[in-house]
Amino acid sequence: MLKSFIKRIGVMNVIMLLVVLSIIIVSEVMFLQGQKLDAIFIAFWAPTILGFMNYLKYRK
């Protein structure tokens, strides 16, 4: 199941999705530790990366 998912969307997209997931987790941890502004700043990276992935996908 995992191999078919990776094959369907591509290795680089899987890596980028893992990066986005890790950004969300780091942001959540920072928010819960009290660093609210830093967490919000980092949280904005996730949709930016996803938007860049969409741009690269549909540019072809």
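Which helices each supply at least two residues of the lining of the largest pocket? In this predicted model, they are helix 2 (11-32) and helix 4 (45-59). The protein has four helices and zero strands, in the order α-α-α-α along the sequence. Its radius of gyration is 14 Å, well over the 10 Å that the globule rule gives for 60 residues, so the protein is more spread out than a compact globule.

**Largest pocket**
- The volume of the largest pocket is about 290 Å³.
- Its lining consists of 10 residues, and those nearest the pocket centre are Asn13, Met53, Asn54, Leu56 and Lys57.
- Helix 4 contributes six residues, the largest share of this lining.
- By class, the lining residues are five nonpolar, two polar and three charged.

**Helix 2**
- Helix 2 has 22 residues and runs 32 Å from its first C-alpha to its last, close to the 32 Å expected at 1.5 Å a residue.
- Its buried positions are Val14, Val20, Ile23, Ser27 and Met30.
- Cover for the buried residues of helix 2 includes helix 1 (2-9), helix 3 (36-43) and helix 4.

**Overall dimensions and burial**
- The C-alpha trace spans about 40 × 30 × 10 Å along the principal axes of the protein.
- Of the 60 residues in the protein, 17% are buried.

Note on methods. Residues numbered from 1 in each chain as written. Predicted model: local features only at pLDDT ≥ 70, side-chain atom pairs only at ≥ 80, totals over all residues. Heavy atoms only, no water. 1 Å grid on protein atoms, 1.4 Å probe; cavity = no way out; pocket = protein on both sides within 12 Å on 5 of 7 lines; lining within 4 Å. Points joined across faces, edges and corners; volume = space filled by probe spheres on them. Nonpolar A, V, L, I, M, F, W, Y, C, P; charged D, E, K, R; others polar. Expected span 1.5 Å × (residues − 1). Buried < 20%, exposed > 50% of the residue type's maximum accessible area, 1.4 Å probe, protein only. Contact = heavy atoms within 4.5 Å. Rg over C-alpha atoms; globule rule 2.2 N^0.38 Å.
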